[in-house]
Amino acid sequence: MTSSLSWADRAAQVRPDGRAVIAGQRVASVAGETFAKHSPIDGRFLADVARGQAADVDAAVRAARQAFDDGRWAARAPAARKRVLQRFAELILGAKEELALLETLDMGKPIQYALSVDVASTARCIQWYAEAIDKVYDEIAPTPRTALALITREPMGVVGAIVPWNYPMIMAAWKLGPALAAGNSVVLKPSEKSPFTALRLAELALEAGLPPGVFNVVPGYGHEAGEALALHMDVDAIGFTGSTRVGRRMLDYAGRSNLKRVYNELGGKSAFVVFDDYADVARAAKTLAGSMFFNQGESCNAPSRVLVHEKVADEFVAVLQAEAPKYAPGHPLDPKTVLGALVDDTQLRTVLGYIEAGHAEGARCVSGGRQVMADTGGYYVEPTVFDGVDNRMKIAREEIFGPVTSVIRFSDEAQAIALANDSAYGLQASVWSDHLNRAHRVARALRAGTIHVNSYDEDDITVPFGGYKQSGNGRDKSLHAFDKYTELKTTWVRLD
Ligand code: NAD
């Protein structure tokens with residue numbers, strides 16, 4: 001940390017600006033309404049936030065449309081867009097402590113990870129798409145000699161981005177990077193639980209030279225600002241990250257409005273499959289704990305179903321029991337803390353409700369299971385491990401989105417594959433095996449968008465991220481994300 005003040009001292013001075021950013025200006029909501037945003041760390045008041053509704057979304061979409069139509073961004077050469085977005089990434093890194101502090105105060109994650117993961121990944125994402133955009137080529141089709149058929153990509157137009165609170169900046173960047181690089185205008189609706197970093201990103205983008213109106217942010221509730229954006233007749237595509245429940249609505253909104261493209265990145269219940277032929281059971285268990293309890297378990301890809309071969313299950317659980325307490329919750333502004341606060345009281349109750357359900361259905365809680373640090377006024381839950389779980393139990397079927405994992409035992413490979421795939425979700429999975437054939441065989445058989453082999457959560461902007469089944473469609477990250485924010489145009493030229 002470059003400042004001599006502690007994070008706690010600096011936090012006391014933070015006064016976030018909760019106004020929207022539309023057409024390059026900070027503005028209050030049209031109706032003048034706000035909602036109060038408190039920190040999940042200790043309940044402290046952070047700021048009043050503009051409560052965006054249909055009129056605000058309308059103003060933002062109008063600004064975005066105008067910016068798109070007059071070509072102030074879309075018509076610039078790719079190399080020129082690259083320079084602006086590179087500068088944007090530099091400014092994000094330049095503001096890393098401010099952004100990390102806002103993220104931690106807003107949604108409760110440990111400050112060390114807000115800095116090393118959230119800010120760093122956000123900047124890297126913007127920078128990567130900036131660098132990509134003047135290196136992607138269009139295509140010429142293999143037609144007869146009497147024709148020249150060009151297949152070109154064009155920006156979609158106005159993209160609505162609706163994102164969750166678990167990685168507020170990163171989720172926004174996964175939409176902004178490819179959408180802006182491709183020349184679109186964007187209206188971003190951050191979660192009402194974490195609006196502040198999105199609003200600061202919009203200011204930094206303007207400072208970097210992104211023309212006004214190209215990137216607008218309307219904070220507000222999902223059923224108000226989110227719904228208005230997804231129903232808007234002048235929005236061409238929605239990039240949504242959030243729950244499967246709301247993802248269904250996105251499809252409905254598109255059907256009821258202009259059939260805008262909908263790309264859903266939704267929930268998960270990822271399986272972590274450990275075979276008895278994997279020699280280092282302890283390593284597998286330690287990796288599980290690290291991935292599961294990272295971000296308080298509030299990760300879409302949290303490995304929350306641990307399928308372990310019965311021969312190594314006792315050893316695995318013993319290591320996990322020893323590891324879990326190392327992720328005990330701490331104050332998020334303490335640089336040593338590894339597990340912070342859950343995002344709000346609703347999430348706390350949801351997680352505690354699942355823990356109760358686990359007990360009620362006969363699973364054995366072998367570590368954690370309680371709310372702690374309630375005297376802080378914040379929302380903290382111990383890292384929790386259930387053993388003896390049956391895949392039909394509620395805790396194995398539903399996404400908990402908290403620091404709770406379930407150990408399910410299996411006896412052979414076919415059963416492991418069947419259990420892993422017996423889920424409405426298909427975001428990620430992992431297979432732990434020292435046998436090349438088995439690792440590949442099982443990786444092929446698992447129905448999920450990402451399969452980790454002898455690892456978990458090792459990730460990079462260069463590879464697609466997204467799910468099978470009810471975990472969504474479309475993919476964030478990598479060059480494939482351009483597919484979501486561009487239209488393909490065929491231009492057929494007859495040659496005489
Ligand atoms: P959520 O679905 O409640 O909210 C997501 C966003 O949608 C928020 O901005 C919210 O305000 C908005 N919204 C809510 N109701 C709406 C409505 N009726 N109309 C329009 N917009 C509405 O999800 P959440 O609780 O913020 O986030 C957690 C979920 O996100 C989990 O299910 C998690 O798995 C998922 N997630 C998925 C990925 C992925 O890449 N697949 C990544 C991160 C999080």
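A residue counts as buried when its relative accessible area is under 20%, as exposed when over 50%, and as partly exposed in between, using a 1.4 Å probe on protein chains only. Pro303 is buried, because its relative accessible area is 0%. What you're looking at is a predicted model, where local features need pLDDT of at least 70, side-chain atom pairs count only at pLDDT 80 or more, and totals for chains, interfaces and linings use all residues. Residues are numbered from 1 along each chain as its sequence is written, and side-chain values use heavy atoms, with hydrogens and water left out.

**Around Pro303**
- Pro303 sits in the loop between helix H10 (281–293) and strand S13 (305–309); helices (H or I, at least four residues) and strands (E, at least two) are DSSP runs, numbered from the N terminus.
- Leaving aside neighbours within four places in sequence, Pro303 is in contact (heavy atoms within 4.5 Å) with Ser270, Phe272, Leu288, Ser291, Met292, Thr405 and Tyr456.
- Ser116 is 187 residues from Pro303 in sequence, and their C-alpha atoms are 21 Å apart in space.

**Where H2 meets H8**
- Helix H2 (residues 54–69) and helix H8 (residues 222–231) have axes that come within 8 Å and cross at roughly 45°; axes are lines fitted to C-alpha atoms, for helices over the stretch in contact, and angles run from 0 to 180 degrees between N-to-C directions.
- On the H2 side, Ala54, Val57 and Val61 make the contact, and on the H8 side it's Ala225, Ala228 and Leu229.

**What the record says**
- UniProt lists residues 32–490 as "domain: Aldehyde dehydrogenase" in an unreviewed entry; its positions are given in the numbering used here, feature names are shortened, and annotations may be inferred rather than shown by experiment.
- Over residues 32–490, the chain is 41% helix and 20% strand.
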